[in-house]
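Open the model in your viewer and keep the selection panel at hand.

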Amino acid sequence: MDILIDGLPANPDDLAHQALVNYGAYTSFRVEHGAVRGLDLHLARLDQAAVELFGESPGESEFRRLLALAVEGRDKAWLRVSLFSPEIGHRNPSFVGRPKVMTVVSPPPPPLATQMRVTAVTHVRETPHLKHVATFGQTRVRRAARAAGFDDALFVDDQGHVSEGVTWNIGFIQGERIVWPQAPMLAGVTQVLIERGLIQTGLGVESRPVHLDQIAAFDGAFLCNSATPACPINSIDTVAFSEDPVWLDRLRDAWLSQPPQPI
């Protein structure tokens, strides 16, 4: 694992701040031969988070420079890009300015799973539209789900509306159409890439509120994130879904149809 901060080797003070202060945002993705699927979306995510959380963004050209520096000489890698500021702490949160950029390079991880049994949990991430570093709630919910015999947890709000999984988006299959739940959540890069690919092939895509009471009417369900283009969800609590290999191939093909973008 190689860690750089603003393109230089990480120093102990910055790493200590990262360990003690969980204010920041990040994105992570697979890099293949200097290119990334959905790079435009990842860069937009970083830019939005930088402005919202710190008041200023390093900008696309600087992000690209630091990404290229981090993966230089590697054919394949997993890259996490984090934003933080040592000027911000629990007692002094008022700093406004450009955040530091930490890049962490590691080997590409395997997919999250090949199938999933999940349980619905009433939980809404803090500031759900951001991919931020405050992940205590997510980890706690995942631990509880696994202790109860499930693979992971699906979040619903206090009215029973489905939003997202712990670290993934969920989609439902209905005939020749994919339905994304509409709720406060993170707009996943892989979700957007799949949607782009499906629309290009003429398949239907819809976003609308999905209540937990409605999920039994769907033909299937799947999850997706940057490490897992498509994984079938076999059940949500007592509601079981049949695995459809045709639709899984369509989802993976839709993702593959979106070419990697050079850094």
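In which loop does His33 lie? Select the loop between S3 and strand S4 (35-36), and His33 is there. Helices (H or I, at least four residues) and strands (E, at least two) are DSSP runs, numbered from the N terminus. This is a predicted model, in which local features need pLDDT of at least 70 and side-chain atom pairs count only at pLDDT 80 or more, while totals for chains, interfaces and linings use all residues. Residues are numbered from 1 along each chain as its sequence is written, and side-chain values use heavy atoms, with hydrogens and water left out.

His33 is not a glycine, yet it has a positive phi of about 55 degrees. Its relative accessible area is 61%, so His33 is exposed. Buried means under 20% relative accessible area, exposed over 50%, and partly exposed in between (1.4 Å probe, protein chains only).

Next select Asp237, in the loop between strand S14 (228-236) and strand S15 (239-240). Asp237 also is not a glycine and has a positive phi of about 55 degrees. With 30% relative accessibility, Asp237 is partly exposed.

**Helix H4**

Select 136-147 for helix H4. The twelve residues of H4 should span 16 Å at 1.5 Å a residue, and the end C-alpha atoms are 17 Å apart, which agrees. The expected span of a helix is 1.5 Å times one less than its number of residues.

Color Gln138, Val141, Arg142 and Ala145, which are buried in H4. They cover an arc of only 100 degrees around the axis, so they sit on the same side of H4. The arc is that of the directions from the helix axis to the C-beta atoms. An α-helix has 3.6 residues a turn, so residues three or four places apart point the same way.

Strand S7 (116-122) and strand S8 (152-156) are among what covers the buried residues of H4; contact here means heavy atoms within 4.5 Å. Turn to the face of H4 away from its buried side to find the exposed residues Phe136, Arg140, Arg143 and Ala147. Just after H4, Gly149 has a positive phi of about 100 degrees.

**Pockets**

On a 1 Å grid over the protein atoms alone, a pocket is an open set of points with protein on both sides within 12 Å along at least five of seven lines, and a cavity is a set where a 1.4 Å probe fits but cannot get out; lining residues have an atom within 4 Å of a point. Grid points are joined across faces, edges and corners, and a volume is the space filled by probe spheres set on the points.

Which residues lie nearest the centre of the largest pocket? Select Tyr26, Ser28, Lys131, Thr167 and Asn225, from a lining of 35 residues. The largest pocket holds about 700 Å³ of space. H4 gives the largest share of its lining, three residues.

The second largest pocket holds about 190 Å³. Its lining has 17 residues, and Arg45, Gln48, His129, Leu186 and Ala187 are the closest to its centre. Helix H2 (39-54) gives the most to this lining, with six residues.

**Cavities**

The whole structure has two cavities of 30 Å³ or more. For the largest cavity, about 130 Å³, select Phe29, Arg30, Arg37, Ser226 and Trp255, which lie nearest its centre. The second largest cavity has a volume of about 50 Å³, and its lining includes Ile173, Pro232 and Phe241.
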